[in-house]
Amino acid sequence: MKRTSGKWQRVSLVLVIAMGVSGCGSIAQNNDVGPVRTGLGGRASVADVSGVEVTQTGPALVKEDQRVIGTSCRNKMWDPEPSRENALNLMKQQAKARGYNAVHSVQVYNDPAALVKNCWSALIATGIAYKK
């Protein structure tokens with residue numbers, strides 16, 4: 001007689017853990033997903049930041065806190081796709097919170113480690129902040 005109940009218990013445990021983790025927020029740095037989402041409405045847009053300008057060039061990186069990052073994350077199956085606009089606005093919010101009013105060398109790219117950060121997919125915006 002073949003024992004399969006142990007296999008199904010393991011499969012059930014993995015499913016329960018996966019469902020539990022999917023209810024948590026992302027661990028991505030400076031992201032647009034809260035720790036708990038209710039309903040199926042998805043995430044809200046991140047407001048544009050006034051007073052922070054994106055420029056083509058700027059001064060060299062002097063302090064490590066000049067590196068700014070914003071992550072737009074699809075954390076739940078029903079969340080909308082990550083947005084370039086949210087990632088950029090989160091990056092600009094971080095720059096403003098650190099006392100900068102401009103960001104240069106901006107790049108936006110797909111996060112290759114999104115699943116590790118509890119995101120189905122994610123876009124990251126990075127740049128170097130400075131005072132103009």
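I take contact to mean heavy atoms within 4.5 Å. The model I am reading is a predicted one.

**Entry 1: overall make-up**

I began with the secondary structure and found two helices and four strands in the protein. Read from the N terminus, the elements follow the order α-β-β-α-β-β. I then looked up burial: of the 132 residues in the protein, 36% are buried. For the accessible surface I noted about 8,300 Å², with 60% of this belonging to carbon and sulfur atoms. I also checked how far apart in sequence the contacting residues lie. Of the contacts between residues at least 6 apart, 75% join residues at least 24 apart.

**Entry 2: the sheet**

I looked up the strand order next. The four strands form an open sheet ordered β1-β3-β4-β2, and the pairing is mixed. Because β1 and β2 stand at the edges with a single partner strand each, one side of each has no neighbour in the sheet. As a general point, strands of a sheet pair through backbone hydrogen bonds, either parallel or antiparallel. For β2 and β4 (residues 121-130), I recorded an antiparallel run joined by eight bridges. Within this pair, V68 is placed opposite G127 of β4.

**Entry 3: Q66**

I turned to Q66, which sits in the loop between β1 (53-54) and β2 (67-74). Is Q66 buried or exposed? Q66 counts as buried, because its relative accessibility is 5% and the cut-off for buried is under 20%. Which residues does Q66 touch, apart from those up to four places away in sequence? I listed A60, L61, Y100, G127, I128, A129 and Y130. G127, in this list, is also the residue that stands opposite V68.

I examined M77 in the loop between β2 and α2 (84-97). M77 has a relative accessibility of 56% and therefore counts as exposed, since exposed means over 50%. What does M77 form together with W78 and W120? I found a nonpolar patch on the surface, and the accessible area of M77, W78 and W120 together is about 370 Å².

Note on methods. Residues are numbered from 1 along each chain as its sequence is written. This is a predicted model: local features need pLDDT of at least 70, side-chain atom pairs count only at pLDDT 80 or more; totals for chains, interfaces and linings use all residues. Side-chain values use heavy atoms; hydrogens and water are left out. Buried means under 20% relative accessible area, exposed over 50%, partly exposed in between (1.4 Å probe, protein chains only). Patches are made of residues with over 30% relative accessible area and no salt bridge: like charges are joined within 9 Å, nonpolar side chains (Val, Leu, Ile, Met, Phe, Trp, Tyr) within 5 Å. Accessible areas come from the Shrake-Rupley method with a 1.4 Å probe; for residues, only the protein chains shown count as cover. A salt bridge is a side-chain nitrogen of Lys or Arg within 4 Å of a carboxyl oxygen of Asp or Glu. Two strands pair if DSSP finds at least two bridges between them.
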